[in-house]
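This report goes through one structure part by part. Please look at the sequence and the model before reading on.

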Amino acid sequence: MDDLIAEFLTETNESLEELDVDLVKLEQDPNDKELLSKIFRVIHTVKGTCGFIGLSRLEGVAHKAEDVLGLFRDGALEVTPEYVSLIFESLDRIKYIVGEIEVTGKEPKGDDSELINKLASVLEDGGVETTTNEELAAAFAIPDLDEDSDDDVAEEAVKKTESSGGTEPQKARESAIANQSLRVNVDVLENLMTLVSELVLTRNQLLQIMRSSNDDSFTAPLQRLNHVVSDLQEGVMKTRMQPVGNAWSKLPRIIRDICNELNKKIELDMKGQDTELDRQVLELIKDPLTHMVRNSADHGIELPSERTAMGKPETGHIRLNSYHEGGHIIIEIADDGRGLSTQKIKDKVLKNKLATEEEIENLSDLQLQQFIFKPGFSTAETITSVSGRGVGMDVVRTNIEKIGGSIDLKSVEGQGTTIQIKIPLTLAIVSALIVESGSERFAIPQLAVKELVMTSVDGENRIETIKGTPVFRLRDNLLPLVSLQELLKIVTPHSPSAAAEDEQVKEPTNNYNGKYIVVTQVGSYMFGVIVDKVFDTEEIVVKPVANMLRNIDMFSGNTILGDGTVIMILDPAGIAKSTGDIDMAERNDNDAAQRAESRAQDKTSLLLFKAGPGAPKAVPLELVSRLEEIKAADVEYANDKMVVQYRGNLMPLLAYDSSITFENVAMRPVLVFSDGNKSMGLVVDSIIDITEHHLDIKITSAIDKMLGSAIIHGKTTDIVNVSYFLQHIDSGWYNSRAKKTLNSHGHIDDTKRVLLVEDSPFFRNMLTPLLKVAGYDVTTTGSAAEALELCDQDHEFDIILSDIEMPEMSGIEFAEELRRQDKWQNIPLVALSSHTSQHDVNKGIQAGFHSYIAKFDRDSLLDTLSETFSEARKDYGEAL
Amino acid sequence: MSTMTPTPANDIQDTLNGLLSSELSTDYLTIHIADQIFGIPVLQVQDVLGEQKVTKIPLAPPAVAGALNLRGRIVTAIDVRCRLGLPPAEIRTQNMSVVVEHDGELYSLIIDRVGDVIGLNNDSYESNPATLDPVWREISAGIYRLDENYWLCWMCLCS
């Protein structure tokens, strides 16, 4: 292809893009003379140029289109949608031919006579004789001839625009501006950008050396270099900047086509077209944007009749707006259409099995709406030619997240949908936070980092664990945590896994001491990344990782730091993906869900420790509120008992075994059991591990301290009876606490009789003392059958607590049985279970349980008991 | 190494044939790993480096030793011993590496020792023995007979 044609193609493509926009404008305002002359000019130039380089087919179409436009301009023909459509058709034909030339270098074969005839008939409508047809035939045969007529028309055009008045000077100015700009191949700019990036890095390196050296002679030139490089960087960035309007230029045409096809009335308002952003970013958001606008027009805006029925104006509006906001570009797409239908989303979610009914029940509208970003999701009932094929918003989101952007959706049913896209200004240089984990350094894009938290052993910034999973309470929100070291499997001599393998002593609470949490946000999902150290932020140039490492999701690239070392750049989206389902992130309160989940399994988290002679000991982790290291020096003796000042209170200490003392040791690990604001500490030799294990007590114990022994990880382990120690410590405070609780509810004046039906001796032994100290009279049975025997023997109780999973007769069956007979029919029935999903609760309530509580949730157990009593009392009162 | 895309042996063969047909002899940079001598066509070699500061890459395939900075370009370091299924060197006196380009990306091959550049007569080229270890076959394009011992000719091992 020769240079002439190449030049022609670039120019034509550009003008054709503009024409799309202009023609739609023209249709809306047919009297805009200036616009008309502009369109005329463009078509005229196309025709003229292709005549010059001998592209006859292209010229034929352009020529006729120009003639029709000429009639518009002269006012001989009214601008109607039909005619504009015809011009569009011609434009499309021109584009097609141009496209073919671009690929093959030649005009494609084909016949345009049908189109030309249509145009000719329009000309006839406008009172022009069809002699032009012959002229055209001549034009096809002899290009030279046409050039003559071409000149005539050109002259005419110039004359006419001149006569149309004041527009001429402006035109001249425009072309003057055009002369000041020049076309540069994108590759050249890209290359320049890479070089500048390198320069920036080298400067950073120099500055770093400078900081640590005492030589002053370089300070001034370096300072200057610093400034020049910054300016250069900015300058080169500018060359890559393009107004966002460039990505929007196709949209008016798309909307127009949709309107015609679907008989809708839509107006597209665009604001902030001049907002500039990196062309690389622009390219990447072009398609997602088009897709979303198309969605709004197709699914969002209703038909005119529907709109009037709803009391809305007949014409729907789609508003595009873009602006800068703190290093980001915000693009908003808002429509005043029907909004997202929550019900339809629900149906679709269930139909596609993206979630279960129970899961959906608990979701807010906002969370439900997030489903539209799931793959294979489309709420449109019918698939139109425009959209609704189900490859949609998920791709949009992926594309936007790929460039470090985020997408936010707000929709009110019946009122419309607003989508907000936040994208970085440029991809080439990003600001990143440098962190260290397991003696390796990593960069986290600053964009995703919301805040940093330094952790401590106690106090507010404490990392807690839920079944071994670290979590953090950030301003009353539960933040899931992920340890970078574990995530990336970085092994150091001090890493927990290594320690566990070596059977070394480890202190779980101290694992997170002095570490940092990088609070990261991906979409609407917030999570914390635990790292060892945080350094400062650095401007980095993201370089793609080697091909063989592409499949590691955790990294989005790598870069060279100021000191010359290579560093891997973490990909927050990848980390989020590996930590869980990011779409279903429940920001409000997912700790209940997590707790429920942790209970949904039969396994119990056990804290293993050594205390005194014999087998290792274990205690359910749920009962332990904290692990502490108490210094021997801090231990005091009051009333001959060990106490320690702990969080402004005195905490009694009890050694597990008399052999454990604070003599000759600097500190000892202490298991803290808390109840209300009172705590007690159990002094042990050492903490071994936290493990998840099915608790199956093989041998029941005769010793009060122990519930029995179980096999854990192939070793005989004694299960400690916590209640024994709780009772053993100054029992006074336990009672006072119990009284306080009861008094606060104020309903218990005489001792209530509680029947506990529970097959597991472990839980029986755990709950009985608890209920006893709370002031209840407790009777226990090991099975439902035994309980029914008590019923037959005319025993009376005020409340029945029953386990659900029991052999022979389950709690559900037990409840149904109780409701069938009349003796115990009216006794409140409370279910105790390790399963507390909504489904289970419903099942329980149906069977006749009054309420449903989790076995380990001591507080809610006590609360439920007193509540149940108060309700029963109220019912009783009402019945009277 | 299922995560890596193995270069089809044909490619290696093609390159080699190209080299073999164009000239009578080819220049190779010899490198030593364990007791074996290997050769890399000298035109593929970008650099020979001494001890380098290598950044470890977590979760990467075991043969990837890390990444290093070579004059502003990021180079992936490959532990050749690991790639070949050899045990790590007992005493690694000097950590030498040879930087080669493959598919537009730079790779640094960590080896025991770098030898000389030698020109080899194409007559002494022989294709891989069929019984060669499959791991070795993936990276070896054939062998040359030297005076005393055979050695493998090596085209690329970054695949």
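## A loop residue with positive phi

A:Ser439 lies in the loop between strand 8 (429–437) and strand 9 (440–445) of chain A. Helices (H or I, at least four residues) and strands (E, at least two) are DSSP runs, numbered from the N terminus. The phi angle of A:Ser439 is near 65 degrees, a positive value in a residue other than glycine. Most residues other than glycine have a negative phi. At 55% relative accessibility, A:Ser439 counts as exposed; the term exposed stands for over 50% relative accessible area, buried for under 20%, and partly exposed for what lies in between (1.4 Å probe, protein chains only).

This is a predicted model, in which local features need pLDDT of at least 70, side-chain atom pairs count only at pLDDT 80 or more, and totals for chains, interfaces and linings use all residues. Residues are numbered from 1 along each chain as its sequence is written, chains are lettered from A and ligands numbered from 1 in the order in which they are written, and side-chain values use heavy atoms, with hydrogens and water left out.

## The two chains

Chain A has 29 helices and 35 strands. Of its 880 residues, 49% are buried. Contact means heavy atoms within 4.5 Å; among the contacts in chain A with a separation of 6 or more, 66% are between residues 24 or more positions apart. Chain A exposes about 42,800 Å², and carbon and sulfur atoms supply 49% of that area. Accessible areas come from the Shrake-Rupley method with a 1.4 Å probe; for residues, only the protein chains shown count as cover.

Chain B has three helices and 11 strands, and along the sequence they follow the pattern α-β-β-β-β-β-α-β-β-β-β-α-β-β. Buried residues make up 48% of the 159 residues in chain B. Of the contacts in chain B with a separation of 6 or more, 56% join residues 24 or more positions apart.

## Where the chains meet

The contact between the chains takes 25 residues from chain A and 22 residues from chain B. About 1,800 Å² is buried between chain A and chain B, and carbon and sulfur atoms give 67% of it. A:Glu440, A:Met548 and A:Val566 supply 34% of the area that chain A buries against chain B, more than any other three residues. Buried area is the accessible area (1.4 Å probe) that two parts lose on being put together, summed over both.

One salt bridge is counted between chain A and chain B. The side chains of A:Glu440 and B:Lys56 meet in a salt bridge, at 3.8 Å from N to O. The term covers a side-chain nitrogen of Lys or Arg within 4 Å of a carboxyl oxygen of Asp or Glu.

## A loop of chain B

B:Ile57 is in the loop between strand 3 (45–49) and strand 4 (64–70) of chain B. With 8% relative accessibility, B:Ile57 counts as buried. Leaving aside neighbours within four places in sequence, B:Ile57 is in contact with A:Leu549, A:Phe555, A:Met568, B:Val64, B:Gly66 and B:Ala67. B:Ile57 and B:Thr76 are 19 residues apart in sequence and 9.5 Å apart in space, C-alpha to C-alpha.

B:Leu59 also has its place in the loop between strand 3 and strand 4 of chain B. Phi of B:Leu59 is near 70 degrees, a positive value in a residue other than glycine. B:Leu59 is partly exposed, at 32% relative accessibility.

## Salt bridges within chain A

Over all chains, the structure holds 19 salt bridges. One of them pairs A:Arg253 with A:Asp92 (2.9 Å, N to O). This pair links distant parts of the chain: A:Arg253 is in helix 12 (residues 251–262) and A:Asp92 in helix 4 (residues 81–104), 161 residues apart. A:Arg253 is buried at 11% relative accessibility, whereas A:Asp92 is partly exposed at 33%. A:Asp257 and A:Arg256 also meet in a salt bridge (3.5 Å, N to O). A network of salt bridges links A:Asp92, A:Arg253, A:Arg256 and A:Asp257.

A:Asp336 forms a salt bridge with A:Arg307, the closest N and O atoms being 3.1 Å apart. Both A:Asp336 and A:Arg307 are buried.
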